[in-house]
Amino acid sequence: MLGILYLTIAIFWGSAVCQCIFPDMAEWTEKSFSGRKIKVCSLFLIVPAWIYTGLIPMTWLVYILSYAMRLSKNGMFYANIVVMALFFVSGVVMYIVRKVQGELRLPGLRAMAFSKGEVFFLVFVLYLSLRLFFTTFRIEGDTLYVGLSVFSDFSPHLGMIRSFSGGTNFPTSYSHFAGEDIKYHFMFQFLVGNLEFLGMRLDFAFNIPSLLGMVSTFLLLYVFAVKLTGKRPVGYLAGIFFAFRSSFGVFRYLAERPRGKGVWEAFTEHSEFIGYTPNEDWGLWNLNVYCNQRHLAFSLGVLLLVLILFTPYLYAMGKRMRLEWGRVKKARAGQEKRSLLLRREKTYGEQKESVVEDENDGVEGGEDADDHLMTKMALAAAAKKDAALGGKKLVTEADDTPEIPLRVGFFLRRNLFAAKGWEIENPLMAVFAGILLGALAFFNGAVTIAALLVLFIMAAVSDHRLDFLVTALIAGALAILQSAAFIDGNAVTTSFYYGFIAENRTVFGVIDYIFRLTGPVLFVVMAAFILVDAEKRIMTAAFAAPFLFAFHISLTTDVTVNHKYIMISLMLFGILSACVIVKLWEQKKFLVRAAAVGMVVMLCATGFFEYLVVLNRNQKQNNLAFNTHDSVTAWIRENATAQDIFLTSNYALNNVVLGGAMLYNGWQYFGWSAGYDTAYRDEQVRCMYEAENTEELAWLLQENNIRYIIVDHDNRMSADYEVREDVISSAYEAVFSQDEGDWKFTIYDVKKPLAQR
């Protein structure tokens, strides 16, 4: 199957590139960032790196060539063949060159060995991801089942996927607001659509990339957590906290249940998302997000991979600063000692002048002379020690300034403005990270922005700051280039918006909202900030950057979409929470360990309950079911292209959308939240359906580039307009029709006017 071959070649090519750029990547799992020896299965790092390194660039190149060959009947097919051949051959060449040069370094069996804990963790991750993705979207026989908790977001996603699998959505247009630019990050949908185009069944085409991305995110989170803390249990717990979020919601829900309603019943039968903050009942903060926004689950692993690449620079700075600060402290101590000796020398001179010579004068003078000689010798030794510690430079830094200002000045001189803090270390790695983050912008732009926010904070206190700058410039340039190519006007509209979606957007109102939303996790993170070392405190500040961004800046019409930044911060905060719990467990005292277990329960209970809600809500009897051989879907896929705009009711998900039809004005929330003017099109839809004569109708259809008109039950029952089906049917040929009465479904072809016959 070409779809499987496509994925295989992409991962193979990614492995070849990683072999060239990071030949020692398998060895990265042998030591923590601080240099502590650890034992982590190297496959947990290298396989996700191969997936992202190969799949993202390969998908982009297929898209670009498909666009270039859009006028050819089989342009997308030719683009796939050319790219797969190019990537396979170039991958083989890279391996051969490395072999000939004697630099081919493959991970050994020991590096690839799994610990028992890692086996259980991998099984947990695979089960969780498979269960979620195939529960919410699958094909059984001739029926496509779409979960109740995801069908809304799947409306534009499936519309875009089907527009690409038809091979014609070039130039790309948004399936729920056709005929204009594409403001929505669509590349994951293109990947899925391309896999279906290559022959993969729709559910596999959607679920396999989702699975690769979700599992990669879990594994990279584990690797990053272990390298950051040096402890594998922290990695396991970080994965669990990522899956099951922190909140007090479940405890409040259970407390409010009436008497006679058991806890077991609540956990096994409840199918509605609980929530005590705005939109929480959408399933906005739990695993359901990764089910209905598959592109987010896929993209998070790239952020973690980039953090693994750059965190060593932070630790390099920390090591250098501690070494140099130690020298300054020694110099400061030496200067204090010399000052004491100088004061002693001065005192000796003053005493000598006031001494009255008597009969014992010779004895006292002899003792003072010895003291004076010892003082001079000590001064000479102190000066010699100063020279060994760096001479005048360290003496200057080790003055009488209080320690805190001295530390700040030391950091500014020795890091922020020092050449060592700015010199470039690995330009190839910086370019690689920049390309990967930049290419991710139209897979999920929020992840690109969040990654740059975290890197910005890290860069301020890391060595090799130019590496960070190169990555940011390349990522930013690629994102701007893509936006300019796809979007008319500004890609985002940046504005200050304090408080996110808190009911009361005051300081105390926002604090109350955060507390109700996140539960105990932020208190645990505060404790971690006190307990951990300097590098982890800096990482805590970096992890918080997307969280703070979400509560102060809005980039879109709908600020609710900022929830992704908050979830990214909470995912990273899970590492710090795990660090605190593992520290408690290591105390080996019963009560302390019991407290650690209690903390895990407190942090996970709501998330685990919501996981069960996702499963309950998406049971088969609750799913939306679609016939994969539906006649409407089949007609649209066979007769329409992505350049043919359909005038319809404001559809969400139905057989027309599954056919890949490009809707003039689909469900308004999707277009509005993406930044489109849905109000204008609402009025145009009303005018077209209510046109009183064929001339008016023809003019309106031409102005809005409509190819097909659909009249169905939704139109006839609409409260927004009264459809003039008599005018439409007298003007254009009905090219498809089924059912009767109010449920009659008819497609009219605007290019087949009846008046010309």
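## A buried loop residue

Gln293 counts as buried, at 12% relative accessibility, where buried means under 20% relative accessible area, exposed means over 50%, and partly exposed covers what lies in between (1.4 Å probe, protein chains only). Its place is in the loop between helix H11 (288–292) and helix H12 (294–354), with helices (H or I, at least four residues) and strands (E, at least two) taken as DSSP runs that are numbered from the N terminus. Leaving aside residues up to four places away in sequence, Gln293 touches Asp153, His157, His563 and Lys564, a contact being defined as heavy atoms within 4.5 Å.

## Basis and overall composition

The model is predicted, so that local features need pLDDT of at least 70 and side-chain atom pairs count only at pLDDT 80 or more, while totals for chains, interfaces and linings use all residues. Residues are numbered from 1 along each chain as its sequence is written, and side-chain values use heavy atoms, with hydrogens and water left out.

The chain holds 31 helices and ten strands, and buried residues make up 54% of its 757 residues. Among the contacts in the chain with a separation of 6 or more, 76% are accounted for by residues 24 or more positions apart.

Ile274 lies in the loop between helix H10 (263–269) and H11, and with a relative accessible area of 7% it is buried. The residues that Ile274 touches, not counting those up to four places away in sequence, are Gly249, Val250, Tyr253, Glu280, Asp281, Phe609 and Glu610. Ile274 and Thr606 are 332 residues apart along the chain, yet their C-alpha atoms are separated by 9.1 Å.

Phe486, by contrast, is placed in helix H19 (residues 465–486), and it also counts as buried, at 13% relative accessibility. With residues up to four places away in sequence again excluded, Phe486 touches Trp60, Tyr63, Asp181, Ile182, Phe186 and Phe442.

## Backbone exceptions

Most residues other than glycine have a negative phi, and most peptide bonds are trans. Against that background, the peptide bond from Phe170 to Pro171 is cis, with omega near -5°, and Pro171 is found in the loop between helix H5 (151–165) and helix H6 (187–197).

Phe500, which is not a glycine, has a positive phi of about 55°; its place is in the loop between strand S3 (495–496) and helix H20 (507–518), and it is buried, with a relative accessible area of 0%. Asp739 likewise has a positive phi, near 65°, in a residue other than glycine, and it sits in the loop between strand S9 (732–738) and strand S10 (745–753). Asp739, however, is partly exposed, with a relative accessible area of 45%.

## Packing of H6 against H7

H6 and helix H7 (residues 202–229) pack at an angle of about 135°, with their axes 8 Å apart; here axes are lines fitted to C-alpha atoms, for helices over the stretch in contact, and angles run from 0 to 180 degrees between N-to-C directions. The two helices H6 and H7 are therefore oblique to each other, since angles under 35 degrees count as roughly parallel, over 145 as roughly antiparallel, 65 to 115 as roughly perpendicular and the rest as oblique.

In this contact, Phe188, Leu191, Val192, Leu195 and Glu196 in H6 meet Leu202, Ala205, Phe206, Pro209 and Ser210 in H7. By class, the contact of H6 with H7 has eight nonpolar, one polar and one charged residues, where Ala, Val, Leu, Ile, Met, Phe, Trp, Tyr, Cys and Pro count as nonpolar, Asp, Glu, Lys and Arg as charged, and the others, Gly among them, as polar.

## An open three-stranded sheet

Three strands form an open sheet in the order S1-S2-S5, with antiparallel pairing, two strands being counted as paired if DSSP finds at least two bridges between them. Strand S1 (137–140) and strand S5 (624–627) are the edge strands, each of which pairs on one side only, and the twist averages 25° from one strand to the next.

S1 and strand S2 (residues 143–146) pair in the antiparallel sense over four bridges, and the bridge partner of Glu140 is Thr143 in S2. Helix H4 (residues 116–136) lies across S1 and S2, running at about 65° to S1.
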